[in-house]
Amino acid sequence: LSAETPQAPGVVTALLSYADRLHALSPTDLAAEIVVQGDPGNVALRQMQLALALIHLRQPAETARALGLVQRVIAHTGPESLPLKPLARLLAHRLMEQRKLEDTVERQNQQLRESQRRIDVLNERLEAMRAIERSLTTRPPATAPQPGNSRPTSP
């Protein structure tokens with residue numbers, strides 16, 4: 001797609017075709033496409049193209065970056081952005097939901113790491129207690145005096 005905006009239905013169709021093409025790219029080709037996109041400046045169509053490419057990376061930082069780009073399209077005041085705004089609002093909503101999910105996953109992963117750390121600490125303590133127990137059971141029993149062999153005590 002060129003940096004010039006085609007007419008209303010055509011631009012949205014072109015963006016959807018572009019998104020479909022991005023979906024088929026390998027991660028390496030996708031990264032190359034993002035480099036080719038470069039800085040979209042204040043061109044709404046290029047902002048949308050870059051946002052669509054970033055979405056396909058499925059990384060929290062890139063999701064946030066894509067959200068920023070579509071929000072710029074929504075706030076854009078030029079007439080060329082008008083046909084893009086409904087799609088931009090849809091993507092912004094979806095990206096905000098995705099960010100919430102990514103945040104939830106990150107919190108759950110942090111809780112999981114913390115729980116695993118506590119489990120490891122408790123397992124170490126349990127193993128230390130077992131070692132103490134083994135050392136106590138392997139000692140020879142203390143010899144108790146036999147009832148018939150008691151020595152008289154000296155005065």
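Modeller: Let's start with a term: a residue is buried under 20% relative accessible area, exposed over 50%, and partly exposed in between, using a 1.4 Å probe and the protein chains only. By that cut-off, 27% of the 155 residues of the protein count as buried. Keep in mind that this is a predicted model, where local features need pLDDT of at least 70 and side-chain atom pairs count only at pLDDT 80 or more, while totals for chains, interfaces and linings use all residues. Residues are numbered from 1 along each chain as its sequence is written, and side-chain values use heavy atoms, leaving out hydrogens and water.

Biologist: What makes up the fold, in helices and strands?

Modeller: The protein has 5 helices and 0 strands, running α-α-α-α-α from the N terminus on.

Biologist: What makes the buried residues of α4 a single side?

Modeller: The residues in question are E62, T63, A66, L67, L69, V70 and V73. They cover an arc of only 165 degrees around the axis, which means they lie on the same side of α4; the arc is taken from the directions from the helix axis to the C-beta atoms. Those buried residues pack against α3 and α5. On the face turned away, you'll find the exposed A61 and A75.

Biologist: And α3: mostly covered or mostly open?

Modeller: Mostly covered, with 11 of its 12 residues buried, among them M48 and L52.

Biologist: Why is a set of residues called a nonpolar core?

Modeller: Because its members are buried Ala, Val, Leu, Ile, Met, Phe, Trp, Tyr and Cys residues joined through side-chain atoms within 4.5 Å. The largest one here holds 27 residues, and L15, M48, L52, V70, L84 and L91 touch the most other members. Each of α1 (8–23), α2 (27–37), α3, α4 (60–75) and α5 (85–137) supplies at least two residues, with α3 giving the most, 9. Setting aside residues up to four places away in sequence, M48 touches L15, V70, V73, L84, L87, A88 and L91, a contact being heavy atoms within 4.5 Å.

Biologist: Why is Q98 called partly exposed?

Modeller: Its relative accessibility is 24%, so Q98 falls in the partly exposed class. Q98 lies in helix α5, and its C-alpha is 7.7 Å from that of T63, 35 residues away along the chain.

Biologist: Why is the pairing of E114 and R117 called a salt bridge?

Modeller: The rule wants a side-chain nitrogen of Lys or Arg within 4 Å of a carboxyl oxygen of Asp or Glu, and this pair has N to O at 2.7 Å. Being 3 residues apart in helix α5, E114 and R117 are separated by about one helical turn. E114, R117 and R118 form a linked network of salt bridges. E127 also pairs with R134 at 3.2 Å, N to O. A search of the whole structure turns up 9 salt bridges.

Technical notes: Helices (H or I, at least four residues) and strands (E, at least two) are DSSP runs, numbered from the N terminus.
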